[in-house]
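Visitor: I would like to learn how to read a predicted model feature by feature, with the general idea before each case. Could we begin with the way a helix is placed against a sheet?

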Amino acid sequence: MRFKNIQFAVLLIVGACFLPITQSHADEATIKVTLLGTGGGPGGGGPNLVTKKMNATTLVEAGGQQFLFDAGRGAFLRLAELSPQHVSRTDKVFLTHLHSDHIVDLSDLFLNGSGRGSRPNFYVWGPTGTAEMTGHLAKAYDWDLTYRTNPRRPKLVMTGRDVSEGVVYDQDGIKITAFDVDHWPPRKQARDRAEFPALGYRLDYKGRSVVISGDTRPTKNMVKFAAGADVLIHEVHVGLDGSERGGVRPVRGAHHTSPREAGEIFAETKPKLAVYTHIVWGRKSEQDLIDLTRDTYSGPLVVGQEMMQIEIGDKVKVLK
């Protein structure tokens with residue numbers, strides 16, 4: 001069992017649409033989600049978690065393809081834990097924003113991932129600044145790439161693409177839509193949003209869907225793009241009290257979403273399953289997170305754990 005306690009795996013089940021099982025019987029239209037990491041921030045989400053929690057990174061598999069959303073600390077090793085094939089097939093990464101805890105494993109994935117499995121082209125989508133950042137990374141490793149490149153194989157290439165709100169991938173029945181979220185620094189104002197772009201993503205496949213919030217304050221755009229989704233994977237700062245917003249001094253963690261605020265978003269969007277990731281604990285407990293969310297939301301909810309898998313088919317199932 002991947003979890004120390006069954007309560008960590010499934011916290012509360014409401015409604016017949018959500019069913020935890022031990023084995024998967026997926027059909028061809030199934031979407032499979034793996035939470036490779038759920039830690040929030042460079043420190044893993046709280047005191048003493050820096051070596052215990054991997055950064056929030058989500059793998060989505062659909063239609064015989066796989067897509068990685070963010071590439072924080074541990075992404076490469078967690079993919080390898082799934083299987084060597086998961087590593088060699090990861091050549092498409094979608095970044096929510098350019099904070100270090102969302103990009104530090106890009107280098108490892110690029111140098112030791114899909115290119116070694118005959119996929120030399122490594123693609124990265126993300127907000128403005130992504131193309132420049134990936135260009136610098138590729139340049140930084142050029143000596144290493146030149147040294148190691150087999151003359152009978154093409155040299156590895158990382159291609160970064162700046163994207164904004166709208167459809168950013170549409171191929172083989174899989175559509176990925178980016179949408180704007182709000183993650184400017186607490187010391188800044190809303191007018192500075194454009195200086196610090198951040199995105200959420202929605203993946204749709206054969207009538208099924210998963211939404212990944214990225215890092216964000218509560219925003220109506222999340223409600224707009226997550227409406228009708230089967231699974232909504234949302235960030236949370238457990239120590240943040242949403243009622244403190246709007247004061248003269250910046251609220252620590254105000255660039256994130258409180259449990260009560262996340263609950264309001266879940267209540268409006270009504271996913272078949274709401275999932276927490278990028279959890280900033282703020283010295284609070286898992287029970288605190290559940291209780292605070294229940295102030296505003298009574299639907300299906302799980303607190304994400306590393307390597308938790310979710311299957312989106314006729315029903316939404318948490319796989320153990």
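Guide: An angle between two elements runs from 0 to 180 degrees between their N-to-C directions, each axis being a line fitted to C-alpha atoms. Please keep in mind that this is a predicted model. With that in hand, helix α8 (residues 259-269) is found lying across β11 (231-237), β12 (273-280) and β13, and its direction makes about 165° with that of β11. Helix α9 (residues 286-294) also packs on the sheet, where it touches β11, β12 and β13 and runs at about 155° to β13.

Visitor: In what order do the strands of that open sheet follow one another?

Guide: In general, the strands of a sheet pair through backbone hydrogen bonds, and the pairing may be parallel or antiparallel. Here seven strands form an open sheet with mixed pairing, in the order β7-β8-β9-β10-β11-β12-β13. Because β7 (166-171) and β13 (301-303) are at the edges and have a single partner strand each, one side of each is left without a neighbour in the sheet. From one strand to the next, the twist averages 20°.

Visitor: How many bridges join β8 and β9, and in which sense do these strands pair?

Guide: Strand β8 (residues 174-181) pairs with strand β9 (residues 198-205) in the antiparallel sense, over eight bridges. As one point of reference, F179 stands opposite G200 in β9.

Visitor: Turning to β2, are its residues buried or exposed?

Guide: A residue is called buried when its relative accessible area is under 20%. By that reading, six of the six residues of strand β2 (residues 57-62) are buried, and both faces are covered, with T57, L59 and E61 on one side and T58, V60 and A62 on the other.

Visitor: Which strands pair with β2?

Guide: Strand β1 (residues 31-37) pairs with β2 in the antiparallel sense over six bridges, and E61 in β2 is the bridge partner of K32. Strand β3 (residues 65-69) also pairs with β2 in the antiparallel sense, over five bridges, and here L59 has L68 in β3 as its bridge partner. The hairpin of β2 and β3 has two residues between the strands, and G63 takes a positive phi near 55° there.

Note on methods. Residues numbered from 1 in each chain as written. Predicted model: local features only at pLDDT ≥ 70, side-chain atom pairs only at ≥ 80, totals over all residues. Heavy atoms only, no water. Pairing = 2+ DSSP bridges. Helix = DSSP H or I, 4+ residues; strand = E, 2+ residues; numbered from the N terminus. Contact = heavy atoms within 4.5 Å. Buried < 20%, exposed > 50% of the residue type's maximum accessible area, 1.4 Å probe, protein only.
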